[in-house]
Amino acid sequence: MTIKRMDNVGIVVDDLDAAVAFFAELGMELEGRAPIEGAWAGRVVGLDDMRTEIAMMRIPGAPGRLELATYHNPKAIVTEPAVIPPNTLGLHRVMFTVEDIEDTVARLRPYGGELVGEVTRYEDSYLLCYLRGPDGIIVGLAEELT
């Protein structure tokens, strides 16, 4: 068996509008929004009477998308602690390469972006940081150094 491609990464959020605004400020484009419900959808995710709304975000001119979802029924479950540390098992982070890491961090602050640690240099290759976004999503940022 061969994988053909990775289509998207799904992230559950409480405030879909805030998450869309955050990733739009990062440079992604909203591809579309849609309600998802019905027996077929519930069977896919294993939830009865599931009703959700998704927003598909894409990187202009590049493959891969983020599927942001908010659950209307059943309500999303909040983990404890609500803001999990980066070494928690499961989805770790979504990583993006950006042109200017300091500018990107500054632009994302009004949208809830907060550094997890600090912007750090990795050899002569990258500036790197982890930024916590809406609903505790950890976003990795990398700026390639030339």
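Me: Buried means under 20% relative accessible area, exposed means over 50%, and partly exposed is in between. Which class does Glu-53 fall in?

Reply: This is a predicted model. Glu-53 has 23% relative accessibility, so it counts as partly exposed.

Me: What does the side chain of Glu-53 meet?

Reply: A salt bridge is a side-chain nitrogen of Lys or Arg within 4 Å of a carboxyl oxygen of Asp or Glu. Here Glu-53 pairs with Arg-33, at 3.0 Å from N to O. Arg-33 sits in strand β2 and Glu-53 in strand β3, so the pair ties together parts 20 residues apart in sequence. Arg-33 is partly exposed too, at 35% relative accessibility.

Me: How many salt bridges does a search of the whole structure find?

Reply: The search gives 9. One of them joins Arg-58 and Glu-29, at 2.8 Å from N to O. Arg-58 belongs to strand β3 and Glu-29 to strand β2 (residues 29-37), so this bridge links parts 29 residues apart in sequence. Both ends are partly exposed: Arg-58 has a relative accessible area of 29%, and Glu-29 has 33%.

Me: Which residue does Glu-31 meet in a salt bridge?

Reply: Its partner is Arg-65, again at 2.8 Å from N to O. Glu-31 is in strand β2 and Arg-65 in strand β4, so the pair connects parts 34 residues apart in sequence. Glu-31 is partly exposed at 41%, and Arg-65 is partly exposed at 28%. Now put these bridges together. Glu-29, Glu-31, Arg-58 and Arg-65 form a linked network of salt bridges.

Me: What volume does the second largest pocket have?

Reply: About 180 Å³. It is lined by 14 residues, and Ile-36, Val-45, Ile-54, Glu-67 and Tyr-71 are the closest to its centre. Two or more lining residues come from each of β1, α2 (39-45), β3 (51-58) and β4. α2 gives the most, with 4. The classes are 11 nonpolar, 2 polar and 1 charged.

Terms used: Residues are numbered from 1 along each chain as its sequence is written. This is a predicted model: local features need pLDDT of at least 70, side-chain atom pairs count only at pLDDT 80 or more; totals for chains, interfaces and linings use all residues. Side-chain values use heavy atoms; hydrogens and water are left out. On a 1 Å grid over the protein atoms alone, a cavity is a set of points where a 1.4 Å probe fits but cannot get out, and a pocket is an open set with protein on both sides within 12 Å along at least five of seven lines; lining residues have an atom within 4 Å of a point. Grid points are joined across faces, edges and corners, and a volume is the space filled by probe spheres set on the points. Ala, Val, Leu, Ile, Met, Phe, Trp, Tyr, Cys and Pro count as nonpolar, Asp, Glu, Lys and Arg as charged, and the others, Gly among them, as polar. Buried means under 20% relative accessible area, exposed over 50%, partly exposed in between (1.4 Å probe, protein chains only).
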